[in-house]
Amino acid sequence: MDLLSNLAIGVETAFTLNNLAWCFAGVLLGTLIGVLPGIGPLATIAILLPITYKMGDPSTALIMLAGIYYGSQYGGSTTAILVNLPGESASVVTTLDGYQMARKGKAGLALATAALGSFFAGTVATFLIAAFAPPLAELAFKFGPAEYFSLMVMGLIAAVVLAHGSFVKALAMVVLGLLLGLMGTDVNSGVARFTFGVPELIDGIEFAVIAMGLFGFSEIIYNLKAQEARDLLKEKVTDLVPSRQDVRRAAPAVVRGTMLGSFLGILPGGGGILSSFASYAIEKKISKHPEEFGKGAIEGVAGPESANNAGAQTSFIPVLTLGIPTTPVMALMVAAMMIHDVQPGPQVMTANPSLFWGLIVSMWVGNFFLVILNLPLIGIWIKLLQVPYRLLYPAILIFCCIGAYSINNSVWEVLMIIPFAILGYYFKKWKCEPAPLLLGFILGEMMEEYLRRALTLSRGDWWVLLDRPLSATLLGIAAVLIILMLLPSIRKKREEAFEGEQD
Amino acid sequence: MARMTLYNKRDLLSSLMFLGFGLLFLIYAQDYNMGTTRRMGPAFFPTMLAVLQIGLGLLIGILAFVPANTDEEPIHSTDWRGLGLIVGSVFLFAQLLPFAGFVVAAPVLLLLASLASPESSWKERIAMAIILTVGCILVFRIGLEMTFPIWPPSLS
């Protein structure tokens with residue numbers, strides 16, 4: 001069977017001692033930094049990205065980055081359960097029942113449920129990627145520049161629809177991101193654009209710097225005034241092994257969450273966030289004990305955590321097959337691939353099968369490490385959480401500065417954090433979501449290039465975007481999405497779906 | 001004509017920001033060659049986007065005067081002290097690192113940034129600065145082999 005022989009290639013790559021070690025290091029570092037409140041997967045990967053620069057093999061680099069991703073995501077759930085602080089937006093839902101379970105002395109059970117549910121979800125999602133990526137990549141080979149351009153338009157609009165907050169503002173943020181992405185040398189004419197006379201801007205702005213400024217720094221400045229109100233559990237976390245009755249309640253929720261998350265994760269936008277919210281809503285609706293939700297229902301942890309992890313993993317599908325990131329974290333993965341001279345897209349699978357399948361198998365390995373790493377190490381994470389925020393935020397700042405400096409071994413990147421930190425602070429004040437900006441930023445140059453090629457091929461005829469059926473369909477979907485968003489009734493439904501996500 | 005009422009100050013401010021960025025990019029894009037649709041020049045796509053940005057900015061501004069978009073949550077005033085301390089500490093770090101090394105730049109950043117939180121005591125701040133400086137050197141420089149200068153280059 002094709003699938004099995006492909007997975008065998010992956011096993012060969014992922015199970016080398018070197019790659020296993022880096023995968024483990026990635027998961028450990030990711031969890032360590034992800035546990036720190038106020039620093040999510042995006043900033044964590046951005047800080048640690050430079051470590052991979054000197055790795056000779058891009059597979060190793062990507063395996064480690066993927067490990068950091070799961071690790072930090074899992075770290076986010078740990079803080080959600082233990083201190084009622086979501087480490088990242090997707091674990092907001094986990095705080096609802098996870099923290100209540102912890103308060104009832106079932107912190108160990110909640111953490112174990114989250115870990116085991118995530119592991120199951122990760123395993124299923126790994127196989128889904130292995131099964132669905134090749135046919136999708138096949139389809140992608142039929143794409144011409146017009147299709148790619150339309151796909152990016154559709155992807156960006158869908159990402160905005162599925163994100164929360166004002167639709168028009170999010171669109172404006174996408175466009176701002178696209179414009180910022182065009183700064184630097186134009187690949188076609190060699191003209192240095194929007195450098196404002198600063199030679200350092202000729203290469204454009206580093207993605208990781210923008211991510212750190214908008215997500216790490218602005219968050220810190222915004223939270224300085226907030227009073228510290230964290231009530232950490234004082235008791236020891238015990239009883240990690242779920243009872244038979246717990247398993248009976250949690251298992252179906254895990255399966256449902258996995259299916260939901262796997263599907264939603266492929267869609268552009270906040271796959272992770274949306275799937276955890278949707279899973280929670282479904283579990284509450286079909287439960288025989290809906291009154292227990294919000295008071296420590298195990299399904300309320302099992303479902304969303306599995307959904308979230310499955311979604312996080314299947315969000316690799318569009319990147320690996322089409323080369324199009326659907327979330328800011330995936331945009332960072334694309335940036336990492338390009339640094340290692342891997343052009344993301346359908347050709348990765350054929351040109352670099354060991355990287356492609358190695359990464360997929362390592363996802364499963366990474367999830368396995370998470371289980372064996374996190375359950376015994378919970379004591380350490382709790383110790384880390386006892387450090388008050390006033391001592392943590394300087395640590396986050398110095399990590400970001402080291403990460404930024406290491407991008408090019410120059411202080412220019414450190415200085416460039418400053419404008420984005422200030423910008424991000426006001427974005428937060430004015431409720432402008434920074435995630436769409438990052439997606440636009442990474443796609444800006446690609447969109448321009450595809451549009452240029454499409455128009456050159458059609459001799460300047462704009463109709464090429466609608467003449468080709470696939471391209472027309474994609475633009476049609478985008479148009480329908482925009483129209484739907486303008487209908488008041490649907491807008492209200494969307495607001496309800498994201499209700500309670502006020503952070 | 002009825003007087004217009006502002007229902008959403010946040011959106012009005014964001015709209016002004018988007019308009020500003022749009023105009024900035026639009027004006028600067030005109031320095032480059034526009035080209036034709038058949039051969040897009042470097043100014044083509046940015047101009048398109050900048051016009052779109054201005055359009056969206058205007059739309060957001062107009063919608064701020066529509067009652068359906070009411071946002072009554074107050075906008076907190078800018079925390080100038082916190083913003084200044086964090087930004088200043090990063091700026092100083094960047095200035096000091098190449099000349100004085102990490103052993104000077106890191107404690108300066110950590111101490112200055114920690115001033116932004118009124119809850120810390122000096123004893124705590126100094127302990128934190130020492131532990132983090134040493135810890136970062138051990139983890140990032142020695143463990144992960146990142147290459148930032150630990151000591152002032154003139155000494156080594």
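**Exercise 1.** In this predicted model, find the volume of the largest cavity and say which helices supply its lining.

*Solution.* Start with the volume: the largest cavity takes up about 60 Å³. Next, list the residues that line this cavity: A:Y70, A:Q73, A:Y74, A:S77, A:S118, A:E305, A:N308, A:N309 and A:L370. Finally, sort the lining by class: three residues are nonpolar, five polar and one charged. To set this cavity in context, the model has three cavities of 30 Å³ or more.

**Exercise 2.** Describe the second largest pocket: how much space lies in it, and which element gives the largest share of its lining?

*Solution.* First, the space: this pocket holds about 1,000 Å³. Then look towards its centre, where A:G181, A:D203, A:M338, A:I442 and A:E445 are the closest of the 42 lining residues. Several elements of chain A give two or more residues to the lining, among them α6 (145-162), β1 (184-185) and α18 (434-457). The largest share, seven residues, belongs to α18(A). By class, the lining has 25 nonpolar, ten polar and seven charged residues.

**Exercise 3.** Which residues form a nonpolar patch on the surface of chain B?

*Solution.* Pick out B:W122, B:I126, B:I130, B:V134, B:L138, B:V139 and B:I142, which form the patch. Together they have about 680 Å² of accessible area. Then place one of them: B:L138 sits in helix α5 of chain B, residues 122-143.

Methods:
Residues are numbered from 1 along each chain as its sequence is written. Chains are lettered from A and ligands numbered from 1 in the order in which they are written. This is a predicted model: local features need pLDDT of at least 70, side-chain atom pairs count only at pLDDT 80 or more; totals for chains, interfaces and linings use all residues. Side-chain values use heavy atoms; hydrogens and water are left out. On a 1 Å grid over the protein atoms alone, a cavity is a set of points where a 1.4 Å probe fits but cannot get out, and a pocket is an open set with protein on both sides within 12 Å along at least five of seven lines; lining residues have an atom within 4 Å of a point. Grid points are joined across faces, edges and corners, and a volume is the space filled by probe spheres set on the points. Helices (H or I, at least four residues) and strands (E, at least two) are DSSP runs, numbered from the N terminus. Ala, Val, Leu, Ile, Met, Phe, Trp, Tyr, Cys and Pro count as nonpolar, Asp, Glu, Lys and Arg as charged, and the others, Gly among them, as polar. Patches are made of residues with over 30% relative accessible area and no salt bridge: like charges are joined within 9 Å, nonpolar side chains (Val, Leu, Ile, Met, Phe, Trp, Tyr) within 5 Å. Accessible areas come from the Shrake-Rupley method with a 1.4 Å probe; for residues, only the protein chains shown count as cover. A salt bridge is a side-chain nitrogen of Lys or Arg within 4 Å of a carboxyl oxygen of Asp or Glu.
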